[in-house]
Amino acid sequence: MKIPFLDLGAAYRELQAEIDTAVARVLSSGYYIGGPEVEAFEGEFATYCGASHAVGVANGLDALHLALRAMDVGPGDEVVVPSNTYIATWLAVSQCGATPIPVEPDVYTRNIDPARIEAALTPRTKVILPVHLYGQPADMEPILAIARKHGLCVLEDAAQAHGARYKGKRLGAHGDAVAWSFYPGKNLGAMGDGGAVTTNDARLADRIGVLRNYGSRAKYVNEVKGYNSRLDPVQAAILRVKLTHLDDWNARRTSLAARYQQGLSGSSLTLPHVPDWAEPAWHLYVVQHHKREVMQKELADAGIGTLIHYPIPPHLQTAYADLGYGRGSFPISEKIHKEVLSLPIGPTMSLSQAEQVIDAVRSAIGKH
């Protein structure tokens, strides 16, 4: 039996009646931009995240970008970012005219290493932007301590971490603001694009709300040069349905991850390392192997879908050639990007399918 990396169709079918009802409600409402559906989701998502405010936007990149803009990040400023992340984290900084300053990850968690951050700070640093990569929380306490010491803002990239907990508390309001993506493959995914920013800072929430709507809070009155980045009400309605199932779906992911951890223990793979203070959302289950391409082909031949998150680190992308980083500039990240392989995981995947993946992985390892 073939096992897809992620079966979004099966996820829809499980909730089809609820989702179809929610979409029909929007279509019959006459509210197709903003309106009560978006406002309801913003309130529900803020409550879920333990935040005072949630501001819906068009996508995860816009969530990062508008949050940075609301923090007054602009040309000449610097933002500390992980060297090991999806490029969107860097792009949001660049869209502000600022410069991303990469910091290497902890070799075990693959998240930004707090012990390396302070050395990257300069008088031009304005924000520290940790990423909760693969759905595992970054170590926020030391990051926040550094930010407070130097008078910096903290913006969390939680695009992959819906429902994850750091030291028992859900992500959503540890830093000054938290950016979220609702891309369809996320733990809380729409059926199109979407994003949001959560925060306890009413001023930041207000500024993001103005920026997302042409720089306006009253029609035809434009306070600043803004953008058109609004969460679609159809997507908001779908997200409201999925939010009520998120904890259950995350629990299923956690069970699959636990089975992988047990079944692949002792192999030549480097498995995810979870500190005792972290409760990951398990958006991805990412292993490392020095013969990643060979293993991926073996698994494909066995009908197992895998993906690579991510094959090229941001500093080696042509888009960032202007920063002058060559190969070897960030060796920890480069090794991670060269070796990582994401195994199938998702809310509709069964434990028996996980067993099939484990058997296929062990078979592939045995051949090499």
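Helix 3 (residues 36-49) and helix 9 (residues 233-243) pack with their axes 8 Å apart and at an angle of about 35 degrees. The model is predicted, so local features need pLDDT of at least 70 and side-chain atom pairs count only at pLDDT 80 or more, while totals for chains, interfaces and linings use all residues. Residues are numbered from 1 along each chain as its sequence is written, and side-chain values use heavy atoms, with hydrogens and water left out.

- Helices (H or I, at least four residues) and strands (E, at least two) are DSSP runs, numbered from the N terminus.
- Axes are lines fitted to C-alpha atoms, for helices over the stretch in contact, and angles run from 0 to 180 degrees between N-to-C directions.
- The crossing of helix 3 and helix 9 is left-handed; in such a crossing the near helix is turned anticlockwise from the far one by less than a right angle.
- In contact (heavy atoms within 4.5 Å), helix 3 contributes E37, V38, A40, F41, E44, F45 and Y48, and helix 9 contributes P233, A236, A237, L239, R240 and L243.
- By class, this contact has 10 nonpolar, no polar and three charged residues. Ala, Val, Leu, Ile, Met, Phe, Trp, Tyr, Cys and Pro count as nonpolar, Asp, Glu, Lys and Arg as charged, and the others, Gly among them, as polar.

- G34 is found in the loop between helix 2 (16-29) and helix 3.
- G34 has a relative accessibility of 21% and therefore counts as partly exposed (buried means under 20% relative accessible area, exposed over 50%, partly exposed in between, with a 1.4 Å probe and protein chains only).
- G34 and R230 are 196 residues apart in sequence, and their C-alpha atoms are 7.2 Å apart in space.

**Cysteines**

- The count of disulfides (pairs of cysteine sulfur atoms within 2.5 Å) is zero.
- C49 is in no disulfide, and the nearest cysteine sulfur, that of C153, is 19 Å away. C49 counts as buried, at 2% relative accessibility.
- C96 is likewise in no disulfide, with the sulfur of C153, the nearest cysteine sulfur, 12 Å away. C96 counts as buried, at 7% relative accessibility.

**N187 and its surroundings**

- N187 lies in the loop between strand 8 (177-181) and strand 9 (195-199), and N187 is buried, with a relative accessible area of 5%.
- The side chain of N187 makes polar contacts with the side chain of N250 at 2.8 Å and with that of H283 at 3.0 Å.
- A polar contact is a pair of N or O atoms within 3.5 Å; within protein, one must be able to donate a hydrogen and the other to accept it, and residues adjacent in sequence count only if both atoms are side-chain atoms.
- Leaving aside neighbours within four places in sequence, the residues in contact with N187 include Q160, H162, L246 and R253.
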